[in-house]
Amino acid sequence: MSDCLCEINISDIDLTDERYKISFSNKDIGLLARSFRETGLIYPPIVMPLNNKFIIVSGFNRIRAHIHNNKVHNNGIKILVYETKPDTTDYQYLLKSIASLAFQRQLTIAELIICVRRLYQFLDKQQIAKKSPAIFNTELAEGFIGDLLTIADLPDTALELIHTGNLSFKSAKRISLLEKNTVMVFLDLFSKIHASQNKQLEIILYIMEICARDAIKPKVFYTNKEIQDILSDEQKDPGLKTKDLRTCLFEQRFPIIFKTQQKVKEKITSIKLGNSIKISPPENLDSQTYSISFTVKNYKEFIANVQNLNAGLENKKLKELFNQ
Amino acid sequence: MKIDTLFIDKTIPQNLEIDYIISRIAADPQWVENTKTVYDYINDADDPILKAKKTLYITRNKGAVIKACPGTSFYTCCDYTILHTGTFCTMDCSYCILQAYFHPPVLQYFAGLKTLGHSLEKTFRQNKIFRIGTGEYTDSLIWEKISLQPKFLIETFAKQNNCLLELKTKTVNIESILPLDHNEKTVIAWSLNTPDIISSEEKGTASLKARLEAAKLVESKGYKLAFHFDPMVIYPECEIQYKKVVKQIFEYVRPESIVWISIGTFRFMPKLKQIIEKRFKHSTIPYGEFILGLDNKMRYFKPLRIKIYKEIISCIKEYAPNLMVYFCMEDEEVWEKCIGFFPEKEGELGHLLDKSAVKHCSLNSNLL
């Protein structure tokens, strides 16, 4: 079933047909083009004949790089390709498209999702898992394939967000269990911020819990002015938006805790015991143990801190802090 | 929840105790070689917890029959003694920790009243007051409908004077115990909650009114009573609702009949949250303002706990100023701020409860 190595005209390739494209990378192909100029095309792309034209099975970037190197030649560009045999099946095309990329580099999660979704038309989860080393150059567990398929059911925006790192695999898996309107809320939200996986999960958790507690739909909650103001603030970078959003959600999820923590923080700030003395409240304010610490470089600093602590004995605000 | 499957450990001799249970359950007994059969049967279900509630396994207690309550670190414990007579429950409370405690949960009845009697005899011979309860790993009175165990326990405890038996329940299964000669040694205790929480979170339990009517009835038969506001759930206007419950208690029973009232807000092992979310989709109780406590359990934020405790304690004290009210698993700050003192010394809370037990249940006061 080996493909035939031959030279074809670029103009005979239907560049608009991307049915076998897996890679998200529309990255700058400058380096690849430069490599071709230095060393030539090492691995020819694979193409399939279709309606008197060819469509690309594998090597989208290589063909783009080749065109980039030969812009001046307009219609006369030729390229060395593997042309598949006419009896090649759709399943075989799919395998070629996946394996040729997977054996070059590790596929990203977004790419894995695309591949598994396509393979699932021909194989079940168990079969994909069994054949995975030969197709993906790595073993994929059946459960993981199941998760990829679940995420694959999300709207295409999800894949883009996964690709850009705005939506983690775990977060995508979490939202894939939610109803469609809610999914759209999170896809929109994560397209506007940039958060680590744990922060994404926290955001999902808080929103879902606030909505469950208050018996409102996430779609309605999402119209909340405070949240929308944060997300639409063009002056803020996505990282800062994430920080503000998390604070806002924490306040809404834990109003009393938030208020009390703020109060304690303000009280501590108002107690002037010297810059190097640090007062830390008990964790979660559940125990009664406050921690008061200072660091010193020499005896003089030590004395100064002890004197500041002594002065604190008469500090009303310090007393209030312990007696609240 | 109606029991529809009955497994019996093959090593259990078929006697009057077992025949009684078989006669009370509408399911053919299946005698099994080992526990695995039962575990597999339960684990195969889509909802093993629900399945376990309908599956009774009669077996023997392979561990300690009488043991000290484990309590929890960092919070004050009441030095209770657990009589391990069975596990799990037929009712379906969303917050029930037993759902996460057993792997898998199995509704077990520990057969062997004679063995139980022997174990208790040793405790009865000790020169010490014991407060003993069967309601730690199960509901004490779900068994009244199907077994002779509650009757046996009440009559056994009636013959001694250093141990109090507390039967803790959310049922109104009291019919068979009413005529028993309990000699004041048994306290019938009800877990109470607001009607809102009972209807939304305590599936299959008796209503508040039914519980209080049952309390009144056992009181009329000379039984002493206890009430446990545990878990109290914090929700909008819950203070008003909990105070109404307190008021109702004293409309039904006399303060003198109440040995103690315990109070504790909802707390849970973190893994229980997922179980509640999965099994009780409409429940909002996991979405309160919880923090991770020092004992690694989720607890309401302390100022919230203190607020609700203060309200309910002052309400109880209005009706019964001298009634023993205590916290289940709270720390010094909560005790001080809500009750005005803290049983600081080890065993101090236990001693206070022992005193109340002696006073109400005619136990040997020389043992205090």
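**View 1. A residue pair between two strands of chain A.** A:Val47 stands opposite A:Glu83, a residue of β4(A). The model shown here and in the other views is predicted. Strand β2 of chain A covers residues 46–50, and strand β4 of chain A covers residues 78–83. These two strands pair in the parallel sense, over two bridges. In general, the strands of a sheet pair through backbone hydrogen bonds, in either a parallel or an antiparallel way.

**View 2. The four-stranded sheet of chain A.** The sheet is open, and its strands follow the order β1-β4-β2-β3 (chain A). Its pairing is mixed. Its edge strands are β1 (4–9) and β3 (53–58) of chain A, each of which pairs on one side only. On average, neighbouring strands of this sheet are turned by 50 degrees against each other, direction ignored.

**View 3. A helix across the strands of chain A.** Helix α3 of chain A, made of residues 90–102, lies across β2 and β3 of chain A. The helix runs at about 50 degrees to β3(A).

**View 4. Chain B as a whole.** Chain B contains 13 helices and 18 strands. Its C-alpha trace spans about 55 × 50 × 35 Å along the principal axes. A compact globule of 368 residues would have a radius of gyration near 21 Å, and the 20 Å of chain B agrees with this. Of the 368 residues of chain B, 43% count as buried. Among contacts in chain B between residues at least 6 apart in sequence, 76% join residues at least 24 apart.

View 5. B:Val358 lies in helix α13 of chain B, which covers residues 348–361. This residue has 19 other C-beta atoms within 10 Å; it is therefore partly exposed, since a buried residue needs 20 or more. Neighbours within four places in sequence aside, B:Val358 is in contact with B:Ile129, B:Leu363, B:Ser365 and B:Leu368. B:Ile234 is 124 residues away from B:Val358 along the chain, and the C-alpha atoms of the two are separated by 34 Å.

**View 6. The contact between chain A and chain B.** Twelve residues from chain B and twelve residues from chain A take part in the contact. On the side of chain B that touches chain A, β16 (290–292) and α11 (302–319) of chain B each supply at least two residues. The largest share of this side, three residues, comes from α11(B). By kind, the residues of chain B on this side divide into seven nonpolar, two polar and three charged.

Key:
Residues are numbered from 1 along each chain as its sequence is written. Chains are lettered from A and ligands numbered from 1 in the order in which they are written. This is a predicted model: local features need pLDDT of at least 70, side-chain atom pairs count only at pLDDT 80 or more; totals for chains, interfaces and linings use all residues. The radius of gyration is taken over C-alpha atoms; the globule rule is 2.2 Å times the number of residues to the power 0.38. A residue is buried if 20 or more other C-beta atoms lie within 10 Å of its own, exposed if 12 or fewer, and partly exposed in between; C-beta atoms are placed from the backbone. Two residues are in contact if their C-beta atoms, placed from the backbone, lie within 7 Å. Two strands pair if DSSP finds at least two bridges between them. Axes are lines fitted to C-alpha atoms, for helices over the stretch in contact, and angles run from 0 to 180 degrees between N-to-C directions. Ala, Val, Leu, Ile, Met, Phe, Trp, Tyr, Cys and Pro count as nonpolar, Asp, Glu, Lys and Arg as charged, and the others, Gly among them, as polar.
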